[in-house]
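User: Can we go through this protein together? I'd like to know where the labels come from.

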Amino acid sequence: MSSGPLAGIRVVEIVGIGPGPFAAALLAGMGAEVTRVERPGGGALDFAGSVSAGGRARVLALDLKSGGGRAALLEQVRGADVLMEGFRPGVMERLGLG
């Protein structure tokens with residue numbers, strides 16, 4: 001069980017670049033339960049794993065362009081307090097997740 005001021009808070013982070021992985025690391029450091037959603041195989045954004053949540057995050061590899069991947073993400077979000085994503089405007093809508 002985590003301790004800290006954010007213990008009990010569930011965060012789903014869709015891995016991207018920029019401030020998202022750093023923010024997730026800060027939240028995890030304060031006790032939040034972080035679940036990282038990555039592309040299968042990591043791809044070009046694999047470097048984020050070394051920063052995000054300082055290694056304290058659960059990792060799910062989901063293809064958000066597939067119906068099964070979207071359904072799995074929605075199930076994760078259903079029980080979460082926070083959803084973090086750093087896509088360009090309109091990407092979540094194009095994926096059917098807006």
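Analyst: One definition to start: a residue can join a surface patch if it has over 30% relative accessible area and no salt bridge, and nonpolar side chains are joined within 5 Å. Keep in mind that this is a predicted model. Here Phe 22, Leu 26 and Met 30 make a nonpolar surface patch of about 290 Å².

User: Why is Met 30 called partly exposed?

Analyst: Buried means under 20% relative accessible area, and exposed means over 50%. Met 30 comes out at 36%, so it counts as partly exposed. You'll find Met 30 in the loop between α1 (19–29) and β2 (33–38).

User: How many of the protein's residues count as buried?

Analyst: Of its 98 residues, 34% do.

User: What makes β3 and β4 edge strands?

Analyst: Start with the sheet: four strands form an open sheet in the order β3-β2-β1-β4, with parallel pairing. β3 (58–61) and β4 (82–85) each pair on one side only, and that makes them the edge strands. Neighbouring strands in this sheet are turned by 20° against each other on average, ignoring direction.

User: How do you know that β1 and β2 pair?

Analyst: Two strands pair if there are at least two bridges between them. Strand β1 (residues 10–14) and β2 have five bridges, in the parallel sense, so they pass that cut-off. As an example, Ile 14 has Val 37 in β2 as its bridge partner.

User: Which strands does α2 lie across?

Analyst: Helix α2 (residues 67–78) lies across β1, β2, β3 and β4, and runs at about 150° to β1.

Methods
Residues numbered from 1 in each chain as written. Predicted model: local features only at pLDDT ≥ 70, side-chain atom pairs only at ≥ 80, totals over all residues. Heavy atoms only, no water. Patch = residues over 30% accessible without salt bridge, like charges linked within 9 Å, V, L, I, M, F, W, Y side chains within 5 Å. Areas by Shrake-Rupley, 256 points an atom, 1.4 Å probe, with all protein chains shown as cover. Salt bridge = Lys/Arg side-chain N within 4 Å of Asp/Glu carboxyl O. Helix = DSSP H or I, 4+ residues; strand = E, 2+ residues; numbered from the N terminus. Buried < 20%, exposed > 50% of the residue type's maximum accessible area, 1.4 Å probe, protein only. Axes fitted to C-alpha atoms, helices over the stretch in contact; angles between N-to-C directions. Contact = heavy atoms within 4.5 Å.
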